[in-house]
Amino acid sequence: MLGAGFGGLELSTRLSQEFAEELEIVLIDKSDGFVFGFSKLDVMFGRRPPSDVVHPYSALDKAGLRFVQTTIRSIDPGAKRVETDAGAFDADIIVVALGADLHPSATPGLVEAGHEFYTVPGAFALRDVLTTFEGGHVIVGVTSTPFKCPPAPSETALLVHDFLVRQGIRGDSSISLVMPLGVPIPPSPAASEALLVAFAERGIAWHPGRLVTSLDPARNVAVFDDESVMPFDLFLGVPVHKVPAVVEESGLTVDGWVPVNPLTLETAFPDVYAVGDVASVGTPKAGVFAEGQASVVAGQIAARLREGAPPSTYDGRGTCYLEFGHDQVARVEVTFLSGAAPVGDIEGPSLEIAADKSEFGTSRIRRWFDRTWS
């Protein structure tokens, strides 16, 4: 199992529960701990300290599971062999769940003049940046497509508003949200409309259908794909996403991502699967979809090992939680079926759904790490 995010943790847990010591499950990741995407925003806006949101992989203790913290150097999907700094691993089944790598330096000027909030270090560093911000024009901007968690830029703009209000500098500031999408959440017109209403109520300027291609540090302006510019005092960017280089070099990718059977998550190589952000399956790049895909792969593996068991297939469904600020959260249910237009609806926002989101995180940590977290 390559990658210990939503997909790797869910698959490892399911296989351990069903097969215990019957399988040797090796989970490989270069990081030392797991962080929810929403926890990055909690740290960024001062709602939690970093120490509260990092879940160390050293705490993993499940039957049949061995976690190896190391860097993967090569993947041979034909031979099902993985070379790492900790040695070579030969497998009967490989599941690639290495996510998408983030490249702030791929956008000229972003490192020099702006900040990104999608990596853990980037989001954590913004905690101090925001507390020293004295007001001005804030741009939340997307620099490439596809990008993980499509609602996150909208959430960030709304939470910036709340933060500036708390700091007493909202009246001295303006906020612009720049996205390449025509609406904030294309699969759910109702969710998009709710966000547009929230932007209007808070005075957040919405700039759809535009991509940030560079920042000019000399002029402190963001340059868009139509060559127009927008000045800023603080730029919060969604960086360029790319498939990890080790995956691209493996021969698994087509057009930059790993194509899979949308029902089974199988790649073109026998007994090699791909789930989550690294895969091209038609769903958004978000943890909840990686979790759902991992459960399908677990079912596929179980069917192979338990003769006669019907294999599960992927239904493209996912539930996303959407921060609206004011401590309220909405729940967006979306379905992406192969060959059909995606559909989605929204419930909330409300304080009750905020509590439900909290339980979502708590339940995953209890399930994956066998410990209590709130």
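This briefing covers the nonpolar cores, a pocket, a cavity and the cysteines of the structure above. The model is predicted. Its largest nonpolar core has 104 residues, and a second, separate core has eleven. The structure holds one cavity of 30 Å³ or more, and the disulfide count is zero.

**Nonpolar cores**

- Within the largest nonpolar core, the residues that touch the most other members are Phe 34, Phe 117, Leu 236, Val 247 and Leu 265.
- Helix H8, spanning residues 287-305, gives the most to this core, contributing nine residues.
- Leu 265, once its neighbours within four places in sequence are left aside, is in contact with Val 260, Tyr 273, Ala 274, Val 275, Val 281, Gln 293, Val 296, Val 297 and Tyr 314.
- The second core is separate and includes Leu 110, Ile 139, Val 178 and Val 212 among its eleven residues.

**Second largest pocket**

- The volume of the second largest pocket is about 500 Å³.
- Its lining consists of 21 residues, of which Glu 24, Ile 25, Ala 91, Asp 92 and Ile 93 are the closest to the centre.
- At least two lining residues each come from helix H1 (6-19), strand E1 (25-29), strand E7 (87-90), strand E8 (94-96) and H8.
- By class, 17 residues of this lining are nonpolar and four are charged, with no polar residues.

**Largest cavity**

- Six of the lining residues are nonpolar, three are polar and two are charged.

**Cysteines**

- A disulfide is a covalent bond between the sulfur atoms of two cysteines.
- The cut-off for a disulfide is a pair of cysteine sulfur atoms within 2.5 Å, and the count by this rule is zero.
- Cys 149 is in no disulfide, and the nearest cysteine sulfur, that of Cys 320, is 6.3 Å away.
- Cys 320 is likewise in no disulfide, its nearest cysteine sulfur being that of Cys 149 at 6.3 Å.
- Cys 149 has a relative accessible area of 29% and is partly exposed, whereas Cys 320 is buried at 16%.
- Cys 320 counts as buried because its 16% falls under the 20% limit.

Terms used
Residues are numbered from 1 along each chain as its sequence is written. This is a predicted model: local features need pLDDT of at least 70, side-chain atom pairs count only at pLDDT 80 or more; totals for chains, interfaces and linings use all residues. Side-chain values use heavy atoms; hydrogens and water are left out. A nonpolar core is a set of buried Ala, Val, Leu, Ile, Met, Phe, Trp, Tyr and Cys residues joined through side-chain atoms within 4.5 Å. Buried means under 20% relative accessible area, exposed over 50%, partly exposed in between (1.4 Å probe, protein chains only). Helices (H or I, at least four residues) and strands (E, at least two) are DSSP runs, numbered from the N terminus. Contact means heavy atoms within 4.5 Å. On a 1 Å grid over the protein atoms alone, a cavity is a set of points where a 1.4 Å probe fits but cannot get out, and a pocket is an open set with protein on both sides within 12 Å along at least five of seven lines; lining residues have an atom within 4 Å of a point. Grid points are joined across faces, edges and corners, and a volume is the space filled by probe spheres set on the points. Ala, Val, Leu, Ile, Met, Phe, Trp, Tyr, Cys and Pro count as nonpolar, Asp, Glu, Lys and Arg as charged, and the others, Gly among them, as polar.
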